[in-house]
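Student: Hi! Could you show me how to read salt bridges in a protein structure?
Tutor: Gladly. Let us open one and go through it together.

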Amino acid sequence: MPGRPALTLTDTTDDLEHEALFRRLRFAGRDLSGQEADVVEFDQCRFERTSLAAAVLDQPRFTDCVAEQGDWANTRFNKPTLLRVRFADVRLTGAQWAAGTLREVTFADCRANLAAFRFTSFAHVSFVDCNLSGADFTNADLRRAEFTGCDLTGAQLSNANCAGAHFTRCDVAGLGGVTSLAGATIAAADLAALSHTFAQALGITVVS
């Protein structure tokens, strides 16, 4: 947000303040878990082995940031904006990021099981080798999202827009809202696991 002074961790005694701007900082081994802040912004920051577990942030913004080997489980981000952000080996179990905007974001080797991305828009977002079992993408815009080597068992896609999304080498057994996959591209090897799910969704009885 223009006009806001950039803060350092020393300035804030490791607390996330409302409407604070953190610029070009390295968070290494920090414990920011359970903190609450509104309209906080991170610009060109690195998070290394840093915990934001159970943090509650309203309208946070992350731009040109990297997060590695951290614990962001059970974070609650309302209307988050992420632009050119990379997550690598980050725990996101149970995270709730609602009504967000993610653009040019990569998740690699992350554990995001039971995470919720309801009503979130994904533009040029990649999930690579991630655990997304039980994740909730209800009403999400996934038209420009790519999933490669991910565990999507039991994930929920109800009312999601998947036209143009790509799924490669993913485990999609038990996927919910399977009819929302209309227009998506799915690797042939993955399609077999969806056969019974498709049949159930369409009311088809399969007999041996």
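Student: Which side chains meet in a salt bridge at 2.7 Å, N to O?
Tutor: Those of Asp 141 and Arg 143. The general idea is that a side-chain nitrogen of Lys or Arg must lie within 4 Å of a carboxyl oxygen of Asp or Glu. Keep in mind that you are looking at a predicted model.

Student: Is Asp 141 buried or exposed?
Tutor: Here you need a cut-off: buried means under 20% relative accessible area, exposed means over 50%, and partly exposed is in between. Asp 141 has a relative accessible area of 19%, so this residue is buried.

Student: What does the salt bridge between Asp 64 and Arg 84 look like?
Tutor: In that pair the closest N and O atoms are 2.5 Å apart. The bridge links distant parts of the chain, since Asp 64 sits in strand β8 (residues 61-68) and Arg 84 in strand β10 (residues 81-88), 20 residues apart.

Student: And how do I describe the accessibility of Asp 64 and Arg 84?
Tutor: Use the cut-offs again. Asp 64 has 32% relative accessibility, so Asp 64 counts as partly exposed. Arg 84, at 37%, also counts as partly exposed.

Student: Which residues are linked in a network of salt bridges?
Tutor: Arg 26, Arg 46, Glu 48 and Glu 68 are joined in this way. Take one link as an example: Arg 46 pairs with Glu 48, and their closest N and O atoms are 3.1 Å apart. Glu 48 has 12% relative accessibility and so counts as buried, while Arg 46, at 34%, counts as partly exposed.

Student: How many salt bridges does a search of the whole structure find?
Tutor: The search finds 9.

Student: Now for the chain as a whole. How many helices and strands does the chain have?
Tutor: There are 2 helices and 16 strands. Of the 208 residues, 46% count as buried.

Student: What is the accessible surface of the chain?
Tutor: About 9,800 Å², and carbon and sulfur atoms hold 46% of that area.

Student: One last point: what share of contacts comes from residues 24 or more positions apart?
Tutor: Look at the contacts in the chain with a separation of 6 or more: residues 24 or more positions apart account for 2% of them.

Technical notes. Residues numbered from 1 in each chain as written. Predicted model: local features only at pLDDT ≥ 70, side-chain atom pairs only at ≥ 80, totals over all residues. Heavy atoms only, no water. Helix = DSSP H or I, 4+ residues; strand = E, 2+ residues; numbered from the N terminus. Buried < 20%, exposed > 50% of the residue type's maximum accessible area, 1.4 Å probe, protein only. Contact = heavy atoms within 4.5 Å. Areas by Shrake-Rupley, 256 points an atom, 1.4 Å probe, with all protein chains shown as cover.
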